[in-house]
Amino acid sequence: MAFKERVFSGVQPTGNLHLGNYLGAITKFVALQERYDCLYCVVDLHAITVWQDPAELPRATREVTAAFLASGIDAKKQIIFNQSQVAEHAELAWVFNCVARLGWLNRMTQFKEKAGKDRENVSVGLYAYPNLMAADILVYRATHVPVGEDQKQHLELTRDIAQKFNTDFAQSIHAHGYGEAFFPLPEPIIQGPATRVMSLRDGSKKMSKSEPSDYSRINLTDDADAIAQKIRKAKTDPEPLPSEEKGLEPRPEADNLVGIYAALKGVSKLGVLKEFGGGQFSTFKTALADLSVAKLGPIGAEMKKLMQDPVYIDSVLADGAARAQVIAAETMKAVKDIVGFVRR
Ligand code: TYM
């Protein structure tokens, strides 16, 4: 069955939006809006799977919204909203809690990393997190999901849930006139040279919001001096850059910086090596710092400007939630028929 093509993705409002979020996800969001109807969600329900200070969460939610807007997402054409305002996400997540198997969730590597040794003490929500993510996507019957590499396994689980729902309820789906398959199997969009941006201090670790050292990441709100300084101090090795991509394989830090440059410039890694291969690392770092400041500086400045106007940001979110809910409510109505809930 052909589903209407639709894009959905989400970003957690947990502070410190960084270059990894920007290159792995937000730049894709911007590009995809030319071709698709898109929903971009600030996933505050996901955020509270670990403790969030209620006095800080609204600011973080508005900051992600500001990043979407400052990066160029058109809130009139596309839908920007925060997850908690469309109750259907949580409602469908419950149905998926009853579709997904315990064994599937036990395999989730991100849960293992986040829970660490303290498993008995993490929230049930952290464990069920991927089911809510599946609900986010499927409540809009979205077909394409732009994400960084670290979300790949969650997307596979989403497809498994959609498939199992379609199979378990096949008869009911058919009997209610919803065709052969109710949910699409959404495609992850994980492309380009920066699907996994690494820490600037350690090329074996992902760039992340929770890393204690601020020098490990470039935040979208960093000013020009901070960006330049972080790149100057980024860990590298003493060799000049290679001329072939193969030469980057044993050099994770160099590989990461070349990937960042390529993604910011919109060229391939090989293109970057053609320009800088054989040259000194310091020359490349200067060029990378200049490029980063040129690309990220205006976004950071616009975010700060938008953050001065929370009333405007809240109006964008409210308008987005109202439009999102129309689609989500229609899906939930059908899901209730399919599962066998008597509707009022
Ligand atoms: P979150 O908030 O951790 O990250 C938001 C997006 O940024 C990407 N990303 C990275 N990409 C490249 N390099 C990095 N170092 C890096 N760090 C983060 C993430 O892959 C993500 O695309 N579970 C999701 C949010 C979510 C979601 C969804 C995404 C909730 N529901 C439905 C897609 C569809 C998360 O925690 O992303």
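User: By class, how many nonpolar, polar and charged residues are in the lining of the second largest pocket?

Analyst: Keep in mind that this is a predicted model. To read a lining, sort its residues by class. Here the second largest pocket has 9 nonpolar, 1 polar and 4 charged residues in its lining.

User: Which residues lie nearest the centre of the second largest pocket?

Analyst: The lining has 14 residues, and Arg6, Tyr140, Arg141, Glu330 and Thr331 lie nearest the centre. For the second largest pocket that is helix H14, residues 310-339, with 5 residues. The volume of this pocket is about 300 Å³.

User: What is the volume of the largest pocket?

Analyst: About 1,200 Å³. The lining counts 45 residues, and the closest to the centre are Gln110, Lys114, Asp150, Gln151 and Lys206.

User: Which elements supply at least two residues each to the lining of the largest pocket?

Analyst: Read them along the chain. They are strand S1, helices H1, H6 and H7, strand S4 (144-146) and helix H8 (152-168). H7 gives the largest share, 5 residues. By class, the lining of the largest pocket holds 14 nonpolar, 20 polar and 11 charged residues.

User: Where does the ligand sit?

Analyst: In the largest pocket. Now ask which elements form the shell around the ligand. Strand S1 (6-11), helix H1 (19-32) and helix H7 (124-138) each give two or more residues to that shell.

User: Which residues come nearest the ligand?

Analyst: The shell has 28 residues, and Gln12, Tyr129, Asp136, Asp150 and Val197 come nearest. Sorted by class, the shell has 12 nonpolar, 11 polar and 5 charged residues.

User: How much of the ligand does the protein bury?

Analyst: Start from the ligand alone, which exposes 710 Å². The protein buries 96% of that area.

User: Now the cavities. How many of 30 Å³ or more does the structure hold?

Analyst: There are 2. A cavity differs from a pocket in one way: a probe fits in a cavity but cannot get out. The largest cavity has a volume of about 50 Å³.

User: Which residues line the largest cavity?

Analyst: Gln110, Phe111, Lys114, Leu126, Tyr129, Pro130 and His154. Helix H6 (109-115) and H7 each give two or more residues to that lining. The classes are 4 nonpolar, 2 polar and 1 charged. Look again at Tyr129. This residue lines the largest cavity, and Tyr129 is also among the residues that come nearest the ligand.

User: What lines the second largest cavity?

Analyst: Gln12, Thr14, Gly15, Asn16, Leu17, Ala60, Glu63, Val64 and Lys209. About 30 Å³ of space lies inside. By class, this lining has 3 nonpolar, 4 polar and 2 charged residues.

Methods. Residues numbered from 1 in each chain as written. Predicted model: local features only at pLDDT ≥ 70, side-chain atom pairs only at ≥ 80, totals over all residues. Heavy atoms only, no water. Near = heavy atom within 4 Å. Areas by Shrake-Rupley, 256 points an atom, 1.4 Å probe, with all protein chains shown as cover. 1 Å grid on protein atoms, 1.4 Å probe; cavity = no way out; pocket = protein on both sides within 12 Å on 5 of 7 lines; lining within 4 Å. Sits in = over half its atoms within 2 Å of the grid points. Helix = DSSP H or I, 4+ residues; strand = E, 2+ residues; numbered from the N terminus. Nonpolar A, V, L, I, M, F, W, Y, C, P; charged D, E, K, R; others polar. Points joined across faces, edges and corners; volume = space filled by probe spheres on them.
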